[in-house]
Amino acid sequence: MRDEKANRVVVITQHRSVERHARRSLVSAGFRTESLSYGDELKPLLADPPAVWILDADVELPRLRQLLDRIPGGPLTRCVLLAYNHQQDVTLLEDKINNLVGRHGGASASRSLIDEHELVVTCDKLCGGEVFGLERYLPWTASVHDRQIDGTRTKRHAVGELESFLEEIDCDPWLQPLVAQVADELMLNAIFNAPVDRRAGAPKYRGLQQAGELTLEADEHVELRYACDGRYFAISVADRFGGLRRSDIVSFVGTALRGERRRAAIHDRRGAGLGLFMALTNVTQLVFNLAPGVRTEVIALLYIREGVRGLQSRGKSLNIFSTHGGKTPHVATRES
Amino acid sequence: MDGCTVEWIEGDGVTTLQLAGNLDELFEVQKLPDRLDGPVAIDTLAVRRVNSVGVARWVSFLQLLCEKAQSVALVRCSPSIVLQLNTIVNFRASARVASVAAPFVCPDCDASCLIEVDLPPATSDPSSLIRDTHACPECGRAGLVFNEIPSRYFAFLDVEGDEA
C-alpha cells in the first residue's frame, strides 16, 4: 500500500466530464485525487506538489507550456498529458513530458474518452509501482506466451507462432499482419540494435540488418511475450542491455505521432528508426520501460476489438518510464 | 510461409511479376531479365507482411526495375502493401498504383473479404472508389462495409506524383 503522499494525484482540466471520468477511475484504484481548472491558483500545489500531475491536453499550447514550466522538478517531472490527440504539437515530448495518454474515440468524438485502465496503470507506475511486464496492461485472465529469441531464424519462427495464435483467436484477418509486423519490428530492433560489445562499449550488430541472418550470443537473447484479452493484443520485447535512450525514442516516434510519412532509410546505419516508426504507425499504446544499462522492454498494445477501422480511429499513447536500481525515480532522467 | 516467392509471367504484351509471402529479411533483390521491352505489372495481392528490412530491399529492387522497364504498375496491392504506400514516402519509387485490394466486412456475420478496386489516373475523391454494394461471400447478404477509413486507406493518392 502506498503512503498518502505518494498516492496524491492532481487533475487539471477545463472539462467537468474529464474530471469526473479521471476521478472515478483514480479514486476507485485508491488514489487521493484533487482537481483544478487551468485558471485556478497554483501556489498551494506548487508548495506541496502531488506525486503525479495529470494535465488535460485540450487547452491552448502556450497555457500548457506555461503550467509545465512552473511544475517543481522541471522537465520530465511526473506529468501525464491526458486525452492527448496525436495531431497536436508533439514537441512537448521532446523536452517536457514522458507520458502521453491518447484521446480515444477519434477526432469526431464530442468528448474525450479515456482508457481508464491505462490511466490507472500509468499513474501507478509513476508512483513507484512495478514498471516492467505486459501483465500490467491486461486482466489476469489473459494467458501470456513467452519465447526466447536467439536470432533472426527464431524470430521468424516466433512470428509464425504468433500468427497461428492470431488465427486461433479469430482476430480480424487484416489486423493479423499488422500485429505480426509490430512484433517483427520490435524483435528486429532488439536483435540488431540492443547488443553492446561490453569491452568496447559500442553497439555490436547495428547496421547489419541488410546483411541477413544473425545468431545472437547466449547472453544476448531477446525475450518475446504476448497475450490478448479480446480488446487489446499486447506484445512485449525485452533485451538485457538497456541501451535504448529517451532521445532516440523521441526522434523515432515524433514523426509517427505527427502522422508523417517517412522515406525508407536504406542506408541508415542506425537502423532502429524505420522499424520503430513502422511499429508505432500501427499501435494504440507504445510503452518504453527503460532500466539504463540493465534492461529495455518495449510494450505495444493494439486495439483489436473493432477490426482495422477501430484500430485506426483509436488514439495513440506513448509512455516512457525510467527506473534506476529497480525503482522509479521521482524525476525521470533525460539520457543523452 | 518463410520469405517471398517471385514469379515472372509473360503475356498480352505485359510482364507480370507475382509476389507471394512476406517482404522481410529473406527477400532477395531480384536479378532483372536482360530485356524488358513492354510494361511491367507487379501483383502483390499475396504479400502478407512487410518489415523494415524488407522495405529497404523492396525499394532498391523497385528503383532498379523502374529505371529499366518502360513503365511499372503496382496491381492488386494487398492491405500490407497499401499500409507501406501510406507510411513510406518512396515505397512505390516511380511506379503507378493501378489497383488495390480493399478490405470489406459483413455487418451481419462479421466475415471479412478483399475486393479489388481500380484506381483510374487522377483519382481525387477516395470515397468515390468505395461502393458498399457487394454481397458477403459467406452469408450472401448485400451491403458489405468498407473496413477502413477511405481518406486514410487511400492517403497515398494525395502524394502520387510528388514522389517520383
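User: Where does D110(B) lie?
Analyst: D110(B) is in the loop between β6 (99-105) and β7 (112-118) of chain B. Helices (H or I, at least four residues) and strands (E, at least two) are DSSP runs, numbered from the N terminus. Before we go on: this is a predicted model, where local features need pLDDT of at least 70, side-chain atom pairs count only at pLDDT 80 or more, and totals for chains, interfaces and linings use all residues. Residues are numbered from 1 along each chain as its sequence is written, chains are lettered from A and ligands numbered from 1 in the order in which they are written, and side-chain values use heavy atoms, with hydrogens and water left out.

User: OK. And is D110(B) buried or exposed?
Analyst: D110(B) counts as exposed, at 58% relative accessibility. The cut-offs: buried means under 20% relative accessible area, exposed over 50%, partly exposed in between (1.4 Å probe, protein chains only). D110(B) also has a positive phi of about 70°, although it is not a glycine.

User: What about A93(B), what is its phi?
Analyst: A93(B) has a positive phi of about 50°, and it is not a glycine either. You'll find A93(B) in the loop between α2 (79-87) and β5 (96-97) of chain B. A93(B) is buried, at 11% relative accessible area.

User: Switching to strands. What does β3(B) pair with?
Analyst: Strand β3 (residues 40-50) of chain B pairs in the parallel sense with strand β2 (residues 14-23) of chain B, over eight bridges. β3(B) also pairs in the parallel sense with strand β4 (residues 72-75) of chain B, over four bridges. Two strands pair here if DSSP finds at least two bridges between them.

User: Which residues stand opposite each other?
Analyst: G21(B) stands opposite V47(B) in β3(B). On the β4(B) side, V75(B) is the bridge partner of D43(B).

User: How many residues of β3(B) are buried?
Analyst: Eight of its 11, so β3(B) is mostly covered. With helix α1 (residues 52-68) of chain B and β4(B), β3(B) makes a right-handed β-α-β unit. Right-handed means that, with the strands pointing away from the viewer, the path from the first strand over the helix to the second runs clockwise.

User: Now chain A. What order do the strands of the open sheet take?
Analyst: The 11 strands run β2-β1-β3-β4-β5-β13-β11-β12-β10-β9-β6 in chain A, with mixed pairing. The edge strands are β2 (32-36) and β6 (145-149) of chain A, each pairing on one side only. The twist averages 20° from one strand to the next. Axes are lines fitted to C-alpha atoms, for helices over the stretch in contact, and angles run from 0 to 180 degrees between N-to-C directions.

User: How many bridges join β1(A) to β2(A)?
Analyst: Five, and strand β1 (residues 8-12) of chain A runs parallel to β2(A). V9(A) has T33(A) in β2(A) as its bridge partner.
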